[in-house]
Each structure stands twice: as structure tokens, then as C-alpha cells.
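I opened this entry to record what I looked up on charged side chains and their pairings. The notes follow in the order of the search.

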Amino acid sequence: MLPGMTQTTSPGGTGHSGPAAAPAGADALIRLEHVNKHFGDFHALKDIDLAVPRGQVAIVLGPSGSGKSTLCRTINRLETIDDDGGRILIGGVPLPAEGRALARLRADVGMVFQSFNLFAHKSVLENVTLGPIRVKGKPKAEAERHAMELLDRVGVAHQAKKMPAQLSGGQQQRVAIARALAMEPEALLFDEPTSALDPEMVQEVLDVMVGLAREGMTMVVVTHEMGFARKAGDRVIFMADGEILEDTDPESFFTNPQHERARDFLGKILVH
Amino acid sequence: MESLSTLMEQYGTQVPAAFWTNIRLALLATLGSFALGVLLALCRISPVASLRALGTGYVHVVRNTPLTILMLLGVLAVWGQLKITFAPDFHLNFFIYAVIALSLYHAAFMCEAIRSGVNTVPLGQAEAARAIGLGFLPAARLVILPQALRGAITPLGNTVIALTKNTTVAAAASVAEASGLMKTMIEFRPDVMVAIFLTFAIGFCLIVIPIGLLTTWASDKWAVAR
């Protein structure tokens with residue numbers, strides 16, 4: 001267990017003062033303060049406060065429509081947040097609204113998508129080198145050398161010259177992780193990284209993610225993989241209806257969920 | 001038969017020359033309208049509201065104005081009244097006017113063809129580009145447009161075909177091109193009118209059919225596998 005984590009959760013489930021928020025202190029790598037998000041009339045995120053310290057693996061669980069993907073996407077501003085005083089800080093710096101400064105900060109937080117989103121017209125290697133060359137200004141040779149190391153680490157180095165469509169889903173997702181790592185991010189966001197995969201390919205992606213967690217990468221992972229949550233997670237954040245209802249360590253969450261909605265959720269997914 | 005051979009004697013060299021003018025108009029206006037069309041498409045997908053309004057406004061105004069009116073606006077108002085001249089040579093000046101009018105007009109259609117291509121690119125591609133820190137223009141240039149253009153080859157080809165045939169409107173700007181020559185030939189040789197019509201119809205088919213074949217071949221070859 002990491003310092004700055006508490007076992008209990010506020011039974012009221014307002015999410016206002018998430019127990020991990022206060023002790024995590026000012027050195028939290030990712031911090032959300034009073035974040036609200038509306039899609040039209042739909043209140044997708046309700047006054048979210050969250051602090052993720054450096055090195056923590058935070059698992060975000062919740063039923064569909066609970067706001068967990070939206071939460072993940074707001075952290076690097078793929079979704080805007082309501083302009084009502086809420087803010088998101090990365091390494092203590094508030095996320096700028098748009099423009100160059102935002103683009104720079106985005107590169108500090110890598111994103112892995114449910115649908116991989118590899119650039120379809122570029123080879124595997126080019127997918128990984130595009131950001132380092134075009135955003136970080138790395139020389140091509142150096143970017144390619146680093147990319148090959150990363151592809152080797154995720155086990156797809158021998159596919160470097162292929163196009164994404166020639167790879168299996170599991171291979172594509174591992175390339176997507178390598179692409180995110182190539183930017184040398186301080187944190188990685190995973191938005192249901194295994195939900196679009198055939199069952200036999202889930203493990204190869206989770207193995208890579210477990211490896212990253214062990215190396216101390218700060219990760220926010222939206223997932224339904226309970227095994228992964230227990231194995232690699234430092235913390236479980238349970239969301240429903242746009243609120244954080246529980247914020248605790250995985251063991252406590254799975255063995256002793258405090259909130260009715262969490263018990264209901266676990267009952268539905270663990271019954272098989 | 002004899003009347004046809006005298007027709008050939010009279011106009012045999014003029015016909016290819018006139019078609020060559022149409023081909024040059026088509027090539028230059030394709031380049032011009034494509035460049036402007038890309039800019040307009042970028043405006044229409046940009047995050048800046050005023051640029052989007054500019055792109056939308058241009059497309060709606062220009063697309064709904066007949067090309068003949070644009071052509072006449074050029075030679076009568078801009079040249080005739082405002083005396084804006086692009087070249088000292090009378091014919092070259094009007095040729096340039098025709099290229100500009102064709103480019104401005106077809107840019108609206110190029111823009112919409114490219115936009116249809118942008119719609120073939122999944123939203124996730126743009127999100128992935130933003131997630132690695134690319135801004136709007138680099139993301140558009142490196143990720144969105146290369147895929148969008150490959151997905152837009154068929155509608156772009158259709159626009160080039162329409163443009164090629166619309167080069168005949170340059171006759172309104174006194175450019176000596178194929179349809180103008182046809183009118184002259186019919187005026188002086190109404191006895192072989194059908195043969196003259198067929199000559200020009202076949203001439204345009206010979207130019208346009210390869211564009212269609214090329215389009216089909218290219219859209220297969222460069223399709224983005226997903």
C-alpha cells in the first residue's frame with residue numbers, strides 16, 4: 001500500500017473530500033478540484049475531487065454510464081470540463097484551455113484508448129516515432145532506436161514494418177502503449193484498454209500493464225479486469241452516476257465494499 | 001465524304017489546339033481549386049469558430065453561384081471595370097481569368113469532397129494525435145488529411161471531371177477553347193453539323209474517361225486499411 005491512502009470511504013458518497021485527496025498533498029501528479037462536466041442536461045461528472053500521487057496505480061471501476069471514461073478523458077482534456085471554477089492540475093500546473101501549452105502538457109500524460117486508435121496510414125514504427133519526432137523534435141534515428149526498444153519491450157518489435165491493420169487487436173494495443181511511452185510521459189491513462197479485445201488477447205496487454213505498474217509508472221486505469229485491479233492496483237475508485245462513491249485499496253474494496261451500489265456492481269461482475 | 005475531308009482541311013489543326021487549351025485550363029484549375037479546397041476544408045474543421053464560418057460561407061455562396069456568372073464577373077467587372085490585368089497579352093490575360101474563376105468555383109466542391117473524406121477518418125485518430133501532443137495543424141497535416149484525401153479520391157475525381165467539362169465555360173471569357181471552336185465550325189459548316197458535334201463529344205470523352213479510370217484505380221490502391 002502506498003502512503004496517502006486510507007481504507008475507509010465517506011458513506012455519504014458525495015465525493016467532495018475523497019480520503020486520498022487530502023493526505024496526497026501538493027505533490028500529487030494528477031489533481032482534480034471540483035471538476036464538473038455536463039453533456040447537455042446530463043451531469044456526467046459531479047464535483048469530482050481526486051489526487052493521484054506519483055507512482056500510484058489508480059483503478060477506476062463503475063457501471064457503464066458512471067462517468068469513469070469521461071473522468072479519464074478530462075485528465076488530458078480530450079473532454080473539456082464545465083467552466084465553473086473546477087480545475088485539473090498536472091504536476092501542480094493547471095491544464096490550459098487550448099493551444100500550444102495544452103499540447104505540451106498533453107504529451108506529459110499518455111493515453112491508451114479502448115479502440116487502440118493507431119494511425120491507420122502509418123507503419124507500427126512510424127506510429128511510435130511520430131510524436132517524438134514531430135512534438136519533441138528528436139532526430140529520426142534516435143527516435144527509431146528508442147521506438148524499437150519500446151516495441152521490443154511490449155513484444156512486437158518484429159512487426160515494426162507492418163501496418164496496424166495487419167496486427168491482431170492485442171498487438172495493436174501493445175503498440176499503442178509503446179506509442180504512449182515513446183513520449184516519456186509522467187503518467188499514463190488507460191480507457192478500457194482490453195474491452196475491445198478477444199478474450200485470448202487480454203492477458204498479453206495486461207502483462208505489459210502489470211510490468212509498467214511494477215516499474216512505478218503513475219497510471220489511471222478504467223477497466224473491468226478485476227484480476228488486474230487486485231494484482232496491480234494500489235487504489236480503487238468506484239464511480240456511479242458521475243460521483244466517486246468509494247476510494248480505497250483493492251483488497252478492502254473487493255472484500256468489504258461500503259456502498260450499496262458497489263456491492264451491487266461487484267455482485268453482477270463477480271457472480272460468474 | 002468529300003465535305004468531311006474539306007472540314008478536316010479547314011479545321012484539322014485547330015481542333016487539337018483548342019482541346020489543348022481545355023486540358024491546360026483543367027490542369028491549372030485542378031491545382032488551384034485543390035489548394036484552395038484544402039484550405040477551406042481546414043477552415044471548416046478548425047476549432048476556430050470564425051474560420052469555420054468563413055469556410056461555410058464561402059462554400060455556400062460560391063457553390064450556389066453559376067460558373068458563367070463568376071466568369072462574366074471576372075472579365076466584365078474585375079477586368080472591364082476595375083481594369084485589373086494579369087498579363088499584357090490579351091489572350092493570356094483572359095486565360096488567367098478563366099483559370100481563376102474555375103479554381104474559385106471548384107474549390108467549393110473540392111472542399112466538400114475533402115470534408116466527406118474527413119468524415120471517413122474515425123474520431124479516435126484525431127484524439128490519438130492530440131494525446132501525443134500534436135496541435136490542430138500538425139494533427140491535420142500528419143494524421144487527418146493524409147487519410148481523408150485517400151478516402152476522398154472518388155468524390156475528388158468527380159470534381160475534377162466536372163471541372164474538366166466546365167472548362168468550356170471559359171468561352172464566356174473569350175478563351176479560344178473547344179466549345180468556342182465548335183460553335184464557329186457549326187456556323188460555317190452546318191452541312192456536317194452532326195459530325196462536328198460527335199468530334200467534340202468524343203474529344204471530351206477521351207479526356208474525361210481516363211480521369212474516371214484513374215480515380216477508380218487510385219481509390220482502390222490507396223484505400224486506408226482499418
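I take buried to mean under 20% relative accessible area, exposed over 50%, and partly exposed in between. The model is predicted.

Entry on the total. I searched the whole structure and found 21 salt bridges over all chains.

Entry on A:Arg73. I located A:Arg73 in helix α2 of chain A, residues 68-75. The side chain of A:Arg73 forms a salt bridge with that of B:Glu127, at 2.6 Å from N to O. This pair crosses between chains, since I find B:Glu127 in helix α6 (residues 123-131) of chain B. Both A:Arg73 and B:Glu127 are buried. For A:Arg73 I noted a relative accessible area of 13%, and it is therefore classed as buried. Leaving aside residues up to four places away in sequence, I list A:Leu78, A:Glu79, A:Met111, A:Asp191 and B:Glu127 as touching A:Arg73. I also noted a network of salt bridges that links A:Lys37, A:Arg73, A:Glu79 and B:Glu127.

Entry on A:Glu215. I found a salt bridge between the side chains of A:Glu215 and A:Arg153, at 2.6 Å from N to O. The pair links distant parts of the chain, 62 residues apart: A:Glu215 lies in the loop between α7 (199-214) and β8 (218-222), and A:Arg153 in helix α5 (residues 140-153). A:Glu215 is exposed, with 55% relative accessible area, whereas A:Arg153 is partly exposed at 43%.

Entry on chain B. I recorded a salt bridge between the side chains of B:Asp191 and B:Arg189, at 3.0 Å from N to O. B:Arg189 has 9% relative accessibility and so counts as buried.

Note on methods
Residues are numbered from 1 along each chain as its sequence is written. Chains are lettered from A and ligands numbered from 1 in the order in which they are written. This is a predicted model: local features need pLDDT of at least 70, side-chain atom pairs count only at pLDDT 80 or more; totals for chains, interfaces and linings use all residues. Side-chain values use heavy atoms; hydrogens and water are left out. Helices (H or I, at least four residues) and strands (E, at least two) are DSSP runs, numbered from the N terminus. Buried means under 20% relative accessible area, exposed over 50%, partly exposed in between (1.4 Å probe, protein chains only). Contact means heavy atoms within 4.5 Å. A salt bridge is a side-chain nitrogen of Lys or Arg within 4 Å of a carboxyl oxygen of Asp or Glu.
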